Amino acid sequence: MNNISRQTLISSILVIAALAFLVHRSRSFTSRPAPVERVWPVMGTFASVTLRGDHADQLDAVCDQTAAMLETVNSLMSVYIPDSEISRLNATTEAVPVSPLTRQMLERTRHYTQGTGGAFDATVLPLVRLWGFSGGKTPETLPSDAMIEAARRLMGIDKLELGENSARMTAPGTTLDLGGIAKGFAVDRCYEAVIAGNAVNAIFNLGGNIRVHGKATPDRPWRIGVQDPFEQGETLGFLALDSGMALATSGNYERFVMINGKRYTHIIDPRTGRPVEGMAGVTILSESATETDALSTALFVIGIEDAAATLARFPGSEAIMVPDRRPTEIYLSKGMQAKFVPHPEYRNAIRRLPE
Ligand code: ADP
Ligand code: MG
């Protein structure tokens, strides 16, 4: 080969390589996969994931792993599944072998039951059933004081004994209901197990228990609307969530029973044994979905007056609380005031939680 033809060959190879590089670049710009969104029923509610990233197969894999993790948590911990580990624990005073995941869930559950002074109490199941929830039959008339007292006497997280690979309910009739914390716990497990090592941006949402990873777009954080407890599908305003943050809402509007024409919500005040009255919605922001779930239930019980004292025990958690009366008032904890952006019509409805 003479010099000229060799030079021609080399330069054409370079041109082809440069073109290939450019084509590859432009394709990776224009062919960035569309966001993947999947919604499916699980744990008595709906799960949804929204994922953005550069590789479609990675997004699909994250979806599949999320679904598998939620299925695992549900099959271990649902009180609706007769041979779940929690159902077996509830059925006997013998020690029951438990998986590391259930062991971790029980430890967290005890932590929040103790840390909220029993406003969140995972042994509330006999009362929850008495009022017609979690497998109980809706009562035709209000339960009597004696029935409420009998169910209340069964409560007590001190009856939960935790071994290394086992757990035990030490009193007959004392039973666990993880309905106020399991969804948040499941979201955290998805966040940790599924996102680790994956360059995807994600929102996990399990029945209003949300945790985000990364950003919505390279220059915009994920923004989440805060549910208006009085108008289905409407929001009071929104929060921008930094990567890793979690948000959950407990409300009186989604699950309730009607007794004698009056509405009773599914969150029970363990101190009175009766459904909470006076709160419409509580939203918690924190670094853990388990904590937002447990604290949204707890502050729903505790109410506006004493909320700040409980929040002080959980640094990093902030609250939005809406009492069940009109016109709408929106109480914000101290650290929430710089974060929550109300819709213009609610600017005058903002209050500070009493310290
Ligand atoms: P949701 O499950 O509707 O999202 P929550 O997270 O507030 O709402 O949990 C409510 C569930 O928690 C109830 O359905 C019941 O199973 C359980 N529960 C009710 N009252 C309490 C309580 N005081 N402490 C702990 N769990 C509770
Ligand atoms: Mg909860």
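The entries below go from the overall fold to the ligand sites and then to a few backbone details.

**Entry 1: ground rules.** I am working with a predicted model, in which local features need pLDDT of at least 70, side-chain atom pairs count only at pLDDT 80 or more, and totals for chains, interfaces and linings use all residues. Residues are numbered from 1 along each chain as its sequence is written, chains are lettered from A and ligands numbered from 1 in the order in which they are written, and side-chain values use heavy atoms, with hydrogens and water left out.

**Entry 2: the whole protein.** I began with the box around the C-alpha atoms, which is roughly 105 × 55 × 35 Å along the principal axes. The secondary structure comes to nine helices and 19 strands; helices (H or I, at least four residues) and strands (E, at least two) are DSSP runs, numbered from the N terminus. Of the 355 residues, 50% are buried, where buried means under 20% relative accessible area, exposed over 50%, and partly exposed in between (1.4 Å probe, protein chains only). I also looked at contacts, meaning heavy atoms within 4.5 Å. Among contacts with a separation of 6 or more, 59% join residues 24 or more positions apart.

**Entry 3: the nine-stranded sheet.** I traced an open sheet of nine strands with mixed pairing, in the order β1-β2-β6-β7-β10-β15-β16-β17-β19. Two strands count as paired if DSSP finds at least two bridges between them. At the edges I found β1 (36-42) and β19 (350-352), each of which pairs on one side only. The twist averages 15° from one strand to the next; axes are lines fitted to C-alpha atoms, for helices over the stretch in contact, and angles run from 0 to 180 degrees between N-to-C directions. Three bridges join β17 to β19, and these strands run parallel. I330 has I350 in β19 as its bridge partner. Which helices pack on this sheet? Helix α7 (residues 182-195) does, touching β2, β6 and β7, at about 20° to the direction of β7. Helix α8 packs there too, touching β7, β10, β15 and β16, and its direction makes about 150° with that of β15.

Entry 4: I then turned to an open sheet of three strands, β3-β5-β4, with antiparallel pairing. Its edge strands are β3 (96-97) and β4 (160-162). Two bridges join β3 to β5 (residues 166-169), and P97 stands opposite S166 in β5. Helix α4 (residues 100-115) packs on this sheet, touching β4 and β5, with its direction at about 130° to that of β4.

**Entry 5: the magnesium ion.** Which protein atoms are donors of the magnesium ion (ligand 2)? I found G180 (O), D293 (O), D293 (OD) and T297 (OG1), lying 2.1 to 2.6 Å from the ion. Donors are N, O and S atoms within 2.8 Å of the metal (3.2 Å for Na, K and Ca), and water is not among the atoms, so sites may look incomplete. The donor residues are spaced G-x112-D-x3-T in sequence. D293 and T297 both lie in helix α8 (residues 289-302), four residues apart, about one turn of the helix. D293 is buried at 6% relative accessible area, and T297 is buried at 14%.

**Entry 6: ligand 1.** I listed 19 residues around ligand 1, of which D177, S250, H266, I268 and T297 come nearest; a residue is near a molecule or strand if one of its heavy atoms lies within 4 Å of it. Next I checked polar contacts, pairs of N or O atoms within 3.5 Å; within protein, one must be able to donate a hydrogen and the other to accept it, and residues adjacent in sequence count only if both atoms are side-chain atoms. A polar side-chain atom of D293 is 2.9 Å from an oxygen atom of ligand 1, and one of T297 is 2.8 Å from an oxygen atom of the ligand. D121 uses a polar backbone atom, 2.9 Å from a nitrogen atom of ligand 1.

**Entry 7: T116.** I found T116 in the loop between α4 and α5 (125-130). T116 counts as buried because its relative accessibility is 5%. A polar atom of its side chain lies 2.8 Å from the backbone oxygen of Y112. Leaving out residues up to four places away in sequence, T116 touches L295, A298, I302, R313 and F314.

**Entry 8: backbone details.** The peptide bond from R326 to P327 is cis, with omega near -5°, and P327 sits in the loop between β16 (318-323) and β17 (330-332). S134 is not a glycine, yet has a positive phi of about 45°; S134 is buried at 8% relative accessible area. N260 has a positive phi near 50° and lies in the loop between β11 and β12. Is N260 buried or exposed? N260 is exposed, with 62% relative accessibility.
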